[in-house]
Amino acid sequence: MFCVKIVPAPTWANAMNHFRRLLSNRRLRSIVTSSSTNRPEKADHARTRSGVQRASARLQSPGECGRAERDRTISSSAANKFSVDFERGQEAYRSKDSLELLRSLVVLKLCSYDFLVDNNKEIMGLSKKILGQKVFDQFMKMTFYGQFVAGEDRISIKPLIQKNQAFGVGSVLDYSVEEDISQNEAHQKEMDSFISAAGNESIGKDYREKNYEAGKQLGDSQDEVIGACTYFHSDEAKCDQHMETFMKCIKSSSESSMNGFSAIKMTALGRPQLLLQFSEVLVKWQRFFTFLASQQGRDGMEALEQKMELTQLQELMIRLGTKADFQDCLSGKKGESTGCIDILDWMSLIDDRVRIPDLLFVPNVKLGELEPLLKNFTADDENQLKRTLQRLDVLAKCALENGVRLMVDAEQTYFQPAISKLTLDLQRIYNREKPIVFNTYQCYLKEAYKNVTMDIELSKKEGWCFAAKLVRGAYMYQERERAKELQYEDPINPDYESTSRMYHRCLHYVLDEIALNRKANVMVASHNENTIKHTLIRMNELGLLPTENKVFFGQLLGMCDQISFPLGQAGFSVYKYVPYGPVSEVMPYLSRRAQENRGFMKGAQKERELLWKELKRRLLSGELLYRPVY
């Protein structure tokens, strides 16, 4: 049994003592001694929180649980130990009848075979021809579709959502109709978005922006790089249609459950070509800062520790060939008090890009000179970007009015800088009082920790609530293939272990931030049992109670029920990522999920063992016809 010790609600004196202890350490350490978890990282998980001013440690009163199974609430008078057992299949599968258990066992086993996963599109296409559309749809509902998809529309998904909620598990609704474009279409659309490399040979090879090049060398891998997971469309009307679909999804979430989430994809709300171009602008500008900071002897530092003196910056820019007055413009950002600027001040200049285009220059590798940052970002692009923000604004308002939180999914690295930037713009507006909009961080990326820390510090600086979903990542194979083809540095961590270290490092930073001010929220979206246990222990160390609803857990529908339901029944906030849509239109989603989760499926031996154990128990005890009651 895995036990999590819950600290009693502190008195004012205890809270102040805890406050003083935290202040005495510049680094918040993560010391876990439980033998049931992997030994967590030491120094690299501790983070420097210089400049953090902490208010009195006044704990918020627990919020409403919003679930029928939350009858076992935690109070200061209760026992100090709280246990979550991930080994008891009988409790984990109380919400499933025996046929559902059998389906899970068969489907998860089939998904562990590489041949079936690699050829899933061809197999499904052949099956459709042989069986016919109607029989094929029924077969899918009995197997793969029934396992991973809730239903075809907002009416048919309600029973499953209500059942899960009755057993302590909420829902993140996702209308999972995706456009499965051909290789030629994807190739042509990315060729239309061709982005040249930027940088100067004198700056060094690391400055080259090959990450955003598109060339014929992509070849046959193009269908893997783009494929079903990206929305491609040629007009604004299509974007508006996607917005209407997401609004229906938000309303469905409100009608089906309390305190729900709704997921959206940015590529559905703005042309991917536009996101690609804006991402280029953001990355060029950020890397130019890194180069300039290195010229002042600040290379090799963490991003937030790199600061530039304005006087030296102005002199360096003049030597590089620009006469723009950086010192005058940036002094209003931070220079008045410190004479220096950091990466947050530097990136904020992008927000003024329409007003100060003459100030934004970056090196060009081919010309060997500075060129306008917005050279390839036209006025029409700017207008389309504004319309994308308007659609996001409509969705955020809809979510706020319906009591639903909005979760922006992460996508490929060549879209993600723009996606994150637009999400931050939305959070500035709607996360002032409480977290409404959640950004997603993919921890298999080498820059994940930098992105998380920068955004947290930005939220503190501007006074809004940071909210994040942490995932390991969904596009590893595509990203690595693309990096290999275009011959740029692989953006993915080298192995699963390093990705797990990155995940825990980011998680610690967010949890520490929650412990300091109780404003941030995080969803730990993971199927890794050790990561879940690690999070529970860390919550206990920091005094984060489950009923505060600051830390959420998330897993995909049809996977890891032995984690989700024990957590929910124990009082933690846990959610299933619940896709829905017509069978024929959700096939691309199922195909993509099979590819993304092949590694997990092959290693899901424990889940299959628990399923088989529970089936045998029901058979031997005469409970094979068991039906969940709620």
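These are my notebook entries on what I looked up in the predicted model above.

**Entry 1: ground rules**

I number residues from 1 along each chain as its sequence is written, and my side-chain values use heavy atoms, with hydrogens and water left out. The model is predicted, and local features need pLDDT of at least 70, side-chain atom pairs count only at pLDDT 80 or more, and totals for chains, interfaces and linings use all residues.

**Entry 2: the whole protein**

I started with the secondary structure and found 25 helices and 14 strands in the protein. Helices (H or I, at least four residues) and strands (E, at least two) are DSSP runs, numbered from the N terminus.

Next I looked up burial: 58% of the 630 residues are buried. Buried means under 20% relative accessible area, exposed means over 50%, and partly exposed lies in between (1.4 Å probe, protein chains only).

The accessible surface comes to about 27,200 Å², and 51% of that belongs to carbon and sulfur atoms. Accessible areas come from the Shrake-Rupley method with a 1.4 Å probe, and for residues only the protein chains shown count as cover.

I also checked contacts (heavy atoms within 4.5 Å). Of those with a separation of 6 or more, 79% are between residues 24 or more positions apart.

**Entry 3: a nonpolar patch**

Which residues form a nonpolar patch on the surface? I noted Leu126, Ile130, Leu131, Val135 and Phe139, with about 480 Å² of accessible area together. Helices α5 (120–131) and α6 (133–142) each give two or more residues to the patch, and α5 gives the most, with three. Patches are made of residues with over 30% relative accessible area and no salt bridge; like charges are joined within 9 Å, and nonpolar side chains (Val, Leu, Ile, Met, Phe, Trp, Tyr) within 5 Å.

Val135 has 46% relative accessibility, so I wrote it down as partly exposed.

**Entry 4: aromatic rings**

A pair of aromatic rings is described by the distance of the centres and the angle of the planes. Rings of Phe, Tyr and Trp (its six-membered ring) pair if their centres lie within 6.5 Å; planes under 30 degrees apart count as stacked, over 60 as edge-to-face and the rest as tilted. I counted 17 aromatic pairs by this rule.

One of them joins Phe261 and Phe438, edge-to-face, at 5.2 Å centre to centre and 80 degrees between the planes. This pair links distant parts of the chain, with Phe261 in strand β4 (residues 261–264) and Phe438 in strand β10 (residues 437–442), 177 residues apart. Both Phe261 and Phe438 are buried.

Phe288 and Trp346 have ring centres 6.2 Å apart and planes at 65 degrees, so I noted this pair as edge-to-face too. Phe288 is in helix α12 (residues 272–295) and Trp346 in helix α15 (residues 343–348), so the pair ties together parts 58 residues apart in sequence. Phe288 and Trp346 are both buried. They also belong to one aromatic cluster with Trp285, Phe289 and Phe291.

**Entry 5: charges**

I counted 37 salt bridges, each a side-chain nitrogen of Lys or Arg within 4 Å of a carboxyl oxygen of Asp or Glu.

Where do Arg505 and Glu302 lie? Their side chains meet in a salt bridge (3.0 Å, N to O). Arg505 lies in helix α20 and Glu302 in the loop between α12 and β5 (307–309), so the pair ties together parts 203 residues apart in sequence. The charged end of Arg505 also sits over the ring of Tyr449, 3.6 Å from its centre. For that, NZ of Lys or CZ of Arg must be within 6 Å of the ring centre and within 35 degrees of the ring normal.

Lys460 and Glu513 meet in a salt bridge as well (3.9 Å, N to O). Lys460 is in helix α18 (residues 448–462) and Glu513 in helix α20, 53 residues apart. Lys460 is partly exposed at 30%, whereas Glu513 is buried at 3%.

Most residues other than glycine have a negative phi. I noted that Gln487, not a glycine, has a positive phi of about 60 degrees. Is Gln487 buried or exposed? Gln487 is exposed, with a relative accessible area of 63%.

Cys560 also has a positive phi of about 60 degrees. Cys560 is in the loop between β13 (551–556) and α22 (561–569), and is buried at 1% relative accessible area.
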